[in-house]
Amino acid sequence: MKISEMEAGLYCTRCHDETIHRVVYVNNKIQSIECEECHRLTGMKIDAKKELYKEMYDRISTKPSRMTQEYKQDLSKFVSGMPLRVISKPYRLIKYVNETRKVLKQSKHS
Ligand SMILES: [Zn+2]
């Protein structure tokens with residue numbers, strides 16, 4: 001169950017003015033709107049239990065095996081990609097240092 005909040009400028013019938021309202025969403029559906037000035041609460045009839053059951057059903061109905069396979073693929077990609085990126089920088093740095101030494105040696109000899 002996802003509950004999110006946002007603030008919106010709406011017209012309040014009690015304040016007779018446009019005020020900041022706190023809008024509460026449950027699964028992207030407006031559950032309540034509260035005026036920040038007078039705290040007038042407008043509730044939208046949302047059956048929390050029904051929303052939860054619907055969410056659980058959606059989760060069960062999506063294939064879990066495919067999900068884990070995709071997750072594993074992403075994880076291996078992430079793990080295999082990491083050391084390469086970490087190594088490439090010190091390698092370039094070492095190469096640079098070696099070249100500098102070579103240049104220094106050459107300049108000494110000459
Ligand atoms: Zn108000």
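Is Arg22 buried, exposed or partly exposed? Arg22 is partly exposed, with a relative accessible area of 29%; on this scale, buried means under 20% relative accessible area, exposed means over 50%, and partly exposed lies in between (1.4 Å probe, protein chains only).

The structure is a predicted model, in which local features need pLDDT of at least 70 and side-chain atom pairs count only at pLDDT 80 or more, while totals for chains, interfaces and linings use all residues. Residues are numbered from 1 along each chain as its sequence is written, and side-chain values use heavy atoms, with hydrogens and water left out.

**Confidence**

The predictor's confidence in each residue is given as pLDDT, from 0 to 100. The protein averages a pLDDT of 70, and 55% of the residues score at least 70. Confidence is highest in strand 2, at 87, and lowest in helix 2 (residues 64-109), at a mean of 56. Over residues 82-94 the pLDDT is below 50, and this stretch has zero contacts in the model beyond near neighbours in sequence; a contact means heavy atoms within 4.5 Å. Where pLDDT is low, the predicted coordinates should not be read in detail. Helices (H or I, at least four residues) and strands (E, at least two) are DSSP runs, numbered from the N terminus.

**Zinc site**

The zinc ion has as protein donors the SG atoms of Cys12, Cys15, Cys35 and Cys38, lying 2.3 Å from it. Donors are N, O and S atoms within 2.8 Å of the metal (3.2 Å for Na, K and Ca); water is not among the atoms, so sites may look incomplete. The arrangement is tetrahedral because the four donor atoms subtend angles of 106 to 112° around the zinc ion. Four donors count as tetrahedral if all angles lie between 85 and 135 degrees. The ideal angle at a metal is 109.5 degrees for four tetrahedral donors.

Along the sequence, the donor residues follow the spacing C-x2-C-x19-C-x2-C. Cys15, in the loop between strand 1 (3-12) and strand 2 (17-26), and Cys38, in the loop between strand 3 (29-35) and strand 4 (41-43), are 23 residues apart, and the pair links distant parts of the chain. Cys15 is partly exposed at a relative accessible area of 27%, as is Cys38 at 23%.

A salt bridge is a side-chain nitrogen of Lys or Arg within 4 Å of a carboxyl oxygen of Asp or Glu. By this rule the count comes to three, as listed below.

| Pair | N to O distance | Separation in sequence |
|---|---|---|
| Arg22 and Glu7 | 3.3 Å | 15 residues |
| Arg22 and Glu36 | 3.4 Å | 14 residues |

Glu7 lies in strand 1 and Arg22 in strand 2, whereas Glu36 lies in the loop between strand 3 and strand 4. Glu7 is partly exposed, with a relative accessible area of 48%, and Glu36 is partly exposed at 27%. Through shared partners, the salt bridges join Glu5, Glu7, Arg22 and Glu36 into one network.

Thr19 is found in strand 2 and is buried, with a relative accessible area of 10%. Not counting residues up to four places away in sequence, Thr19 touches Ala8, Gly9, Leu10, Cys12, Cys35 and Glu37; Cys12 and Cys35 are among the zinc donors.

Thr42 is placed in strand 4 and is partly exposed, with a relative accessible area of 26%.

Note on methods. Four donors count as tetrahedral if all angles lie between 85 and 135 degrees; four count as square planar and six as octahedral if opposite donors are over 155 degrees apart and all others between 65 and 115; anything else is irregular.
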